[in-house]
Amino acid sequence: MTLIVRSGDAVAFTDWHRCFAEVMPELAVHNWPDPAVQAEDIRYAVVWEPDPGRLASFPNLRLIISAAAGVDHILRDPNLPRHLPLVRMVTPEQTQLMGEYVCWAVLSLMRRLPAIIALNASRGWNSNLTGEPIADTRVGVMGLGAMGSRAAEMLVGLGYATAGWSTTQKTIPGVESFAGASAFPAFLARTDILVCLLPLTPSTEGIINADTLALLPPGASVVNAGRGGHVVMADLIAGLDSGHIKSAMLDVFTPEPLPQDSPVWEHPGIFVTPHVASFGSRRARARHIASTIAAFERGEPLVGLYDPQRGY
Ligand code: NAP
């Protein structure tokens, strides 16, 4: 059984190798750029942003596993062997980390952390920067899948009035569920902090645009930890400049890294985090990969299987 890994640099590969030796010692593991790789040996691939066409060059490939939760970075390959099962990376560790990031981001925006950091830089003192209490703040989570449902649960635990928006109706204790396009305006109208945890698909690309922002109450804030392609940046900046949107915390961008000359860096209303919301440990991801391969070999259903009909 041979696996090829494209995720991180040579140091990361050494770590992957060590992790797989622990969880699935029978697996032969190769690094993507290894010139000694025999294409016909490869049966499984774990990838982040694979070079277009390379996956199609493995004639005996049976299963593709994303090194991250999203699969948009794989679907971009025009030669992707679409007949093969494609599995997303979803571990309890990642969903917990995402919940922590979202709670931290929401609390930071509500307790004015960006303004307080700026004040620190000038040794300023302004005891009016007390922020907004939880009791007065309604959070709305777009996407109630693996990441969004855990984030919503944790927001409820903090005491936020929390709602979620998804394709299908959900039952999560304490979370008001809005489903489908027709419910989107009502969901936005009751949302003071909009959190995006949608997958990037043709129907969600650019969803945080001028029309969406206009439906949020004045003074609302935005947290995006989905994908950079969800935000129309010019519209978000216009919303911030007009004062309709108060602040934004963004973790994901197109492209990444965020270019040095991007206006986002300069904007006082935007707080940037460098795609750090939920980066699962290699050990936990290797465990998930090993159990996925074992389930595949036994012909069992796969957790996190990409559904081409839904697009996520
Ligand atoms: P997921 O389990 O596939 O969940 C997707 C959710 O979005 C589901 O609740 C789905 O509704 C909903 N949805 C999809 N299309 C929709 C539409 N057009 N309208 C309304 N709802 C829609 O995805 P996930 O694993 O939670 O990942 C969510 C996002 O987080 C992805 O973009 C992923 O790339 C990103 N992510 C980022 C980081 C980071 O470090 N920043 C880390 C991990 C993941 P149904 O449930 O009804 O199908």
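Me: Buried means under 20% relative accessible area, exposed over 50%, and partly exposed in between (1.4 Å probe, protein chains only). In this predicted model, local features need pLDDT of at least 70 and side-chain atom pairs count only at pLDDT 80 or more, while totals for chains, interfaces and linings use all residues. Residues are numbered from 1 along each chain as its sequence is written, and side-chain values use heavy atoms, with hydrogens and water left out. How many residues of strand 1 (residues 2-6) are buried?

Reply: Strands (E, at least two residues) and helices (H or I, at least four) are DSSP runs numbered from the N terminus. Strand 1 is largely enclosed by the rest of the structure, because its buried residues number 4 of the 5.

Me: Which residue of strand 2 stands opposite Thr-2?

Reply: Strand 1 runs parallel to strand 2 (residues 28-31), joined by 4 bridges; pairing takes at least two DSSP bridges. In this pair, the residue opposite Thr-2 is Ala-28.

Me: Through which helix does the chain cross from strand 1 to strand 2?

Reply: This link is a right-handed β-α-β crossover. Right-handed means that, with the strands pointing away from the viewer, the path from the first strand over the helix to the second runs clockwise. Residues 10-23 form the helix in question, helix 1.

Me: With which side chain does the side chain of His-267 make a polar contact?

Reply: His-267 sits in the loop between helix 9 (263-266) and strand 12 (270-272), and is buried at a relative accessible area of 13%. Beyond its neighbours within four places in sequence, its contacts (heavy atoms within 4.5 Å) include Ile-237 and Leu-240. The polar contact, at 2.7 Å, is with the side chain of Asp-241.

Me: What share of the ligand's accessible area does the protein cover?

Reply: The ligand is surrounded by 29 residues, with Arg-88, Thr-168, Lys-170, Leu-198 and Tyr-312 the closest. A ligand oxygen is 2.6 Å from a polar backbone atom of Leu-198, and a ligand nitrogen is 2.9 Å from an N or O atom in the side chain of Asp-251. A ligand oxygen also lies 3.1 Å from a polar backbone atom of Ser-278. Of the 950 Å² that the ligand has on its own, the protein covers 93%.

Key. Polar contact = N/O pair within 3.5 Å; in protein donor to acceptor, adjacent residues only side chain to side chain. Near = heavy atom within 4 Å. Areas by Shrake-Rupley, 256 points an atom, 1.4 Å probe, with all protein chains shown as cover.
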